[in-house]
Amino acid sequence: MALTNEVTSVLNEQINKEMYSAYLYLTFADYYEDRGLKGFANWYEIQAKEEMDHALAIRRYLLDNDFKPTMEAIAKPDKVFENDLAPLEAGLAHEEYVTSLIHHCYEVAHEAHDVRTMKFLDWFVSEQGEEETNARDMITNMKLFGCDPKGLYDLDREYQARTYVQSASLNL
């Protein structure tokens, strides 16, 4: 069964949204790098890589289903941060937005009775739940410990230990 125009359109748009997410998270990493918080910068650099993985997985799915993706211009992030909590809050808001986009893709596939695409999107639905939880946890940790220099240092060290692992679920 070929993908419908509606399904390919929303998936192609999602590629762009995932790439924008990578750009956005690099601006978060740059903010923290400027502040000397290399662990927080590391966290968001890894987030950016994951977003690129997501874009590439959707691209591959489209190609494997005989649709040639169209790469669109990626918007320039425009966030300016006043404090160390602000990028974390912006990150949660953005993850909630991405969740709504993934749900929309799923709804379009469901309306088209495209079970294959819904199955493909199942991984992204689960991933978004994890991303929102991680974002909330980072906000909670910053509020609890980030106001104290030693607590902020410890959080930064914890985030510096995070390593990038490409998800096998994406079959890239």
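1. Buried is used here for a relative accessible area under 20%, exposed for over 50% and partly exposed for values in between, with a 1.4 Å probe and protein chains only. Helices (H or I, at least four residues) and strands (E, at least two) are DSSP runs, numbered from the N terminus. The model is predicted: local features need pLDDT of at least 70 and side-chain atom pairs count only at pLDDT 80 or more, while totals for chains, interfaces and linings use all residues. Residues are numbered from 1 along each chain as its sequence is written, and side-chain values use heavy atoms, with hydrogens and water left out.

2. Helix α5 spans residues 149–160, twelve residues in total. From first C-alpha to last it reaches 16 Å, close to the 16 Å expected at 1.5 Å a residue (the expected span being 1.5 Å times one less than the number of residues). Its buried residues are Gly151, Leu152, Leu155, Asp156 and Tyr159. Seen down the helix axis, these buried residues of α5 fall within an arc of 135 degrees, so they line one face; the arc is that of the directions from the axis to the C-beta atoms. The exposed residues Pro149 and Lys150 are on the face of α5 turned away from the buried side. The buried residues of α5 pack against α2 and α4 (115–145), where contact means heavy atoms within 4.5 Å.

3. There are 13 aromatic pairs in the structure. Rings of Phe, Tyr and Trp (its six-membered ring) pair if their centres lie within 6.5 Å; planes under 30 degrees apart count as stacked, over 60 as edge-to-face and the rest as tilted. Phe28 and Phe81 have ring centres 5.2 Å apart and planes at 85 degrees, so their pair is edge-to-face. Phe28 belongs to helix α1 (residues 5–34) and Phe81 to the loop between α2 (38–64) and α3 (85–111), so the pair ties together parts that are 53 residues apart in sequence. Both Phe28 and Phe81 are buried.

4. Phe81 also forms an edge-to-face pair with Tyr31, at 5.5 Å centre to centre and 70 degrees between the planes. Tyr31 lies in helix α1 and Phe81 in the loop between α2 and α3, so this pair ties together parts 50 residues apart in sequence. Both Tyr31 and Phe81 are buried. One aromatic cluster includes Tyr25, Phe28, Tyr31, Phe81 and Tyr159.

5. Two charged side chains lie over rings, a term that requires NZ of Lys or CZ of Arg within 6 Å of the ring centre and within 35 degrees of the ring normal. The charged end of Arg162 sits over the ring of Trp43, 3.8 Å from its centre. Lys49 lies over the face of Tyr164, at 5.4 Å from the ring centre.

6. Gln47, in helix α2, is buried, with a relative accessible area of 3%. The side chains of Gln47 and Arg162 are joined by a polar contact of 2.8 Å. Such a contact is a pair of N or O atoms within 3.5 Å; within protein, one must be able to donate a hydrogen and the other to accept it, and residues adjacent in sequence count only if both atoms are side-chain atoms. Beyond its neighbours within four places in sequence, Gln47 is in contact with Tyr25, Glu95, Glu131 and Arg162.
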